[in-house]
Amino acid sequence: MTASRVLVLNSGSSSVKYQLLDMADRSRLAVGLVERIGEETSRLVHEPLAGPGAAGGKRETAGRIADHGAALQAVAAELAADGMGLDSPELAAVGHRVVHGGTRFTQPTVIDDEVLAEIRNLIPLAPLHNPANVTGIEVARELRGDIPQVAVFDTAFHSTMPEYVARYAIDAATAEKYAIRRYGFHGTSHAYVSRATAALLGRPVEDVNVIVLHLGNGASASAVRGGVCVETSMGLTPLEGLVMGTRSGDLDPAVVFHLARVGGLSVDEIDSLLNKKSGLLGMCGDNDMREVLRRAGQGDEAASTAFAAYVHRLKKYIGAYSAVLGRVDAVAFTAGVGENAHQVREAAVDGLAELGLALDLEANAVRSSAPRLVSADNARVAVAVVPTDEELEIATQAYALVTR
């Protein structure tokens, strides 16, 4: 029996998202989430999608799950109940989402003690994410240390950016000392969507230039030339770039000095303000695009202004990345907002006919979970809606590495 299954783990500070996939046919066997780890109200939601357990649908259990070790033990028990336990000989690898790979990790990497130590060393660059990623890796290695554990890094896809793009124009010695450069994030999504867009166009990925707009509560843009990222909107951290649900995106750095000197805010208070209390939430009090659109439709001025700021930033990046790429074959919208908010797509493309962009408004308004083109027939540049699949991308990269 050829081992073809990959368990994908996305470990957060108090949660574990997981999917079990069979790479023989790229199918999902089970999906689930453990949340509120360490609290009395912990919850595990497990959904088998294949095998004898699938007929029963989702299963939910509640009660304290003390730590990530207990969480993964609970996940293993749920999978075992469906005949897909972690002890199965069909399990080829565990793929871990790791947010930050720095400059060292630019490809999926089999995890050994040295790699794990280096991921720990990168914690200062991703203090909210890498510690939880490390914990998930440690626990998974304890459970199945006999199979490859593969780290797939959010930053890796963007490591191909030219040095003059990745560098900030600050003192070079300071930048090197503190590893200050543009890394970019959402890389697994941008990689998947750029390839899927080429497939949608029926062209080799090497021949397609695409602007990918990953629009969720966190949002980022990338310019991808022939499958290779040449520019992305997020930088040293996920704060830079587009207006997001709770993040400001691009900001005059002197705002930080002003808040400290004039407002008397501490570094931690400014960090919280810009990352958790800004963006759509800061401008109008809601970070859910559905609510922003509802309020704007009723004439709410704050919501209308927030939506206009969100769209204006999108237009700026579409224009800038059109200049960077020189030739654009497609603009692809993905993630929760990008896939579902047709009003955002319409507003972002409106007025960009000189860049070759025009929508088929009827096609754009149709809800669908399938990859699709929503551009007008006569548009020079395709506009695509491509549902992202980061778990499949992680599984694909992990499986390709362990089966070389």
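**Entry 1: the largest cavity.** I began with the lining of the largest cavity, to which strand 1 (5–11) and helix 3 (130–143) each supply at least two residues. I noted that helices (H or I, at least four residues) and strands (E, at least two) are DSSP runs, numbered from the N terminus. The model is a predicted one, in which local features need pLDDT of at least 70 and side-chain atom pairs count only at pLDDT 80 or more, while totals for chains, interfaces and linings use all residues. Residues are numbered from 1 along each chain as its sequence is written, and side-chain values use heavy atoms, with hydrogens and water left out.

The residues I found lining the largest cavity are Leu-7, Leu-9, Leu-72, Leu-86, Val-94, Ala-140, Leu-143 and Arg-144. On a 1 Å grid over the protein atoms alone, a cavity is a set of points where a 1.4 Å probe fits but cannot get out, a pocket is an open set with protein on both sides within 12 Å along at least five of seven lines, and lining residues have an atom within 4 Å of a point. The largest cavity holds about 60 Å³ of space, a volume being the space filled by probe spheres set on the points, which are joined across faces, edges and corners. By class, its lining has 7 nonpolar, no polar and 1 charged residues; here Ala, Val, Leu, Ile, Met, Phe, Trp, Tyr, Cys and Pro count as nonpolar, Asp, Glu, Lys and Arg as charged, and the others, Gly among them, as polar.

**Entry 2: the other spaces.** How many cavities of 30 Å³ or more does the structure hold? I recorded 2, and the second largest cavity has about 30 Å³ of space. Its lining includes Arg-5, Leu-20, Met-84 and Leu-86, and by class this lining has 5 nonpolar, 2 polar and 1 charged residues.

I then turned to the second largest pocket, with about 420 Å³ of space. Of the 24 residues that line this pocket, Gln-107, Phe-157, Ala-191, Arg-195 and Gln-397 lie nearest its centre. Helix 6 gives the largest share of the lining, 5 residues.

**Entry 3: two helices.** I looked up how helix 6 (residues 187–201) meets helix 15 (residues 390–402), and they pack at an angle of about 90° with their axes 9 Å apart. Axes are lines fitted to C-alpha atoms, for helices over the stretch in contact, and angles run from 0 to 180 degrees between N-to-C directions. Helix 6 and helix 15 are therefore roughly perpendicular to each other, a term used for angles of 65 to 115 degrees. Contact means heavy atoms within 4.5 Å, and among the residues that make this one are Tyr-192 and Arg-195 of helix 6 and Glu-390 and Ile-394 of helix 15.

Entry 4: An open sheet of 8 strands has the order 5-4-3-2-1-6-8-7, with mixed pairing, where two strands pair if DSSP finds at least two bridges between them. Strand 5 (59–62) and strand 7 (109–110) stand at the edges with a single partner strand each, so one side of each has no neighbour in the sheet. Strand 2 (residues 16–22) and strand 3 (residues 27–35) pair in the antiparallel sense over 7 bridges, and Leu-21 has Arg-28 in strand 3 as its bridge partner. Helix 3 packs on this sheet, touching strand 1, strand 6 (91–98) and strand 8, and its direction makes about 165° with that of strand 6.

**Entry 5: the other sheet.** I also followed an open sheet of 6 strands, with the order 11-10-9-12-14-13 and mixed pairing. Strand 9 (residues 209–215) and strand 10 (residues 219–225) pair in the antiparallel sense over 7 bridges, and Val-212 stands opposite Ser-222 in strand 10. Helix 11 (residues 301–325) packs on the sheet and touches strand 9, strand 10 and strand 11.

Key
Parallel < 35°, antiparallel > 145°, perpendicular 65-115°, else oblique.
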